[in-house]
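Subject: Structure handover

Hello,

Here is the structure you asked to take over. My notes on it follow below.

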Amino acid sequence: MTIRFSQTWDVFHHRHRLTLEREVEQFLLDEGRYDCFPSLNYILAELAGNADKANLKRAHFQQAGLDLTVPDQYSRGMASFKSAVANSGSTLALVLRNQGAHIKIWFGREEGNLIFSVFNNAPMLPIEISRFQEKVKMARQFHTIQEVMDFELDQSEGGGLGLIITVLMLRKIGIDESSLKLTSSAVGTEARLVVPPLAEQGQEILATSVVEAINQIPQFPDHVLKILRILEDPTKSFVHIGPIIRQDSSLIASLLKAANSPLYNLHRPVESIDEAVAILGLPAIQEMLIAVTAEKLLVSTYHRAAVQRIMDHSLEVAWYCRELTKAAKIVDNAANVYVCAMLHDFGEIIVNALVPGLTDRIAELCRAKGWNSFQAETLTNGFNHSLVGAALAEKWQFPEKIVEVIRYHHLPQEASRKAAPIVGLVYLGDFLWQKARDLVGWDDLVPSVLETFSHKTKDEWLETFREVLNKRRNL
Ligand SMILES: [Fe+2]
Ligand SMILES: [Fe+2]
């Protein structure tokens, strides 16, 4: 057995969770099993949280002078446990320390199996073991997170939902709940997870209804694709796109409208295409073509309000991206970043049309439970907005980089080296959108993203983020 990480903590704090997350991430990268990261990261945090809760529970009973093993005292203690943690968590932590309570987490490899162990030094009571088994049994009946959300959970004992999600996460990486074993002895309780080498990754396929929906959406018009290709080609210039634009009256209207917008502050009307093209410049034309055409095609299929909602979000994310691009002095790709930011979430329009309210309900559940919404979304079985959006971008023959941004904007670590900076910027733009609404904390940032931009330290970046957020607030 090769132990890769081993750590003992008296309690399991948020900062311990972050340490664990980073270590697990590196371990799985080194083992070539990064595909399991979202699931295993969730499961380990869940198990460690439960181990911590088990220890806290004992401290609470001791503090309240109650005996865990006496049934009526057990129910009394449990009734006051939640509020005791909320009100006097630090006193309980002190009791824990005095009792020598601890949690030990380790992981490593043994003959190709990856082993993860979470131990806490409190033996489980028979009632707790049977509750655990009951919950696992109940968890087996669920197959997707939609089913879980539709089910009225009895949360009186807590922890049930977390365990159901754990079982779903295990299935997602191709293993079943029998690979997670709980054993209790006089010295404590261990949850041990064995991930076999041949566990087949739960394949990320799109739901049939999603594939059908994407088929219904019109193709990106040929002449727009042609213009985009010319814009990408450094040997071509304005003269090559003028004749193509002239064939499309709605494109002419959009270009003239943009060139006459107050942004350019010209004191005379712009009436010719050539002049409009010269004023706007190639990057702006490219941005406009992609974003305007995509919006038009989506509005032709979906409710305008649904498209508008995503566009409003994307416009703000694009604004953050533009500011970050300036601040990071990333000159190359500035236009692409904007386009990518405008398009990053359009998969959500399709998902919301097929399963109304799914993304909102997931977000709500995640806020309540402190989960990462992307992890929860991997359990929707084919309704993941990033994958849906990437499939549409592929159908529309978008450049590979844009497809990658859409696919990985919540998992920037997975992007290819070539696309990493642009994926990172859109991820950060989206992160600032959430930060502006207090939906995330700075600790939630994926650390490897900032490393992509090596010319700034983490503190310098945080300073930049604060400035950008302030600027937005004062708009
Ligand atoms: Fe997203
Ligand atoms: Fe987003």
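The centres of domain 1 and domain 2, taken over C-alpha atoms, are 38 Å apart. This is a predicted model, and the two domains come from a domain assignment, which gives residues 2–195 to domain 1 and residues 208–473 to domain 2. Between them, twelve residues of domain 1 are in contact with 14 residues of domain 2. On the domain 1 side, the helices α1, α2, α5 (145–150) and α6 (160–172) each supply at least two of the touching residues. By class, that side has seven nonpolar, three polar and two charged residues.

As for the protein overall, the C-alpha trace spans about 85 × 45 × 45 Å along its principal axes. It has 22 helices and five strands. Of its 475 residues, 36% are buried. Among contacts with a separation of 6 or more, 67% join residues 24 or more positions apart.

In soluble globular proteins, nonpolar side chains tend to be buried together. The largest nonpolar core here has 72 residues, and Cys 321 and Val 426 touch the most other members. Helix α20 (residues 420–436) gives the largest share of this core, ten residues. Leaving out residues up to four places away in sequence, Cys 321 touches Val 337, Tyr 338, Ala 341, Leu 425, Val 426 and Gly 429. Another core lies apart from this one; its 47 residues include Ala 45, Leu 114, Ile 164 and Val 167.

Leu 20, Glu 21, Val 24 and Phe 27 are the buried residues to look for in α1. Why do they lie on the same side of α1? They cover an arc of only 135 degrees around the axis, so they share one side of the helix. The buried residues of α1 pack against β1 (2–9), α2 (37–64) and β2 (103–110). The face turned away from the buried side carries Arg 15 and Asp 30, which are exposed. Just after α1, Gly 32 takes a positive phi of about 70 degrees.

The buried residues in α19 are Ile 402, Val 403, Glu 404, Val 405, Ile 406, Arg 407 and Tyr 408.

Last, a single loop residue. Asn 381 is in the loop between α17 (373–377) and α18 (385–395). Is Asn 381 buried or partly exposed? Asn 381 counts as partly exposed because 19 other C-beta atoms lie within 10 Å, whereas a buried residue needs 20 or more. Leaving aside neighbours within four places in sequence, Asn 381 is in contact with Thr 144 and Ala 207. Arg 131 is 250 residues from Asn 381 along the chain, and 28 Å separate their C-alpha atoms.

Regards

Key: Residues are numbered from 1 along each chain as its sequence is written. Chains are lettered from A and ligands numbered from 1 in the order in which they are written. This is a predicted model: local features need pLDDT of at least 70, side-chain atom pairs count only at pLDDT 80 or more; totals for chains, interfaces and linings use all residues. A nonpolar core is a set of buried Ala, Val, Leu, Ile, Met, Phe, Trp, Tyr and Cys residues joined through C-beta atoms within 7 Å. A residue is buried if 20 or more other C-beta atoms lie within 10 Å of its own, exposed if 12 or fewer, and partly exposed in between; C-beta atoms are placed from the backbone. Helices (H or I, at least four residues) and strands (E, at least two) are DSSP runs, numbered from the N terminus. Two residues are in contact if their C-beta atoms, placed from the backbone, lie within 7 Å. The arc is that of the directions from the helix axis to the C-beta atoms. Domain bounds come from an automatic or database domain assignment. Ala, Val, Leu, Ile, Met, Phe, Trp, Tyr, Cys and Pro count as nonpolar, Asp, Glu, Lys and Arg as charged, and the others, Gly among them, as polar.
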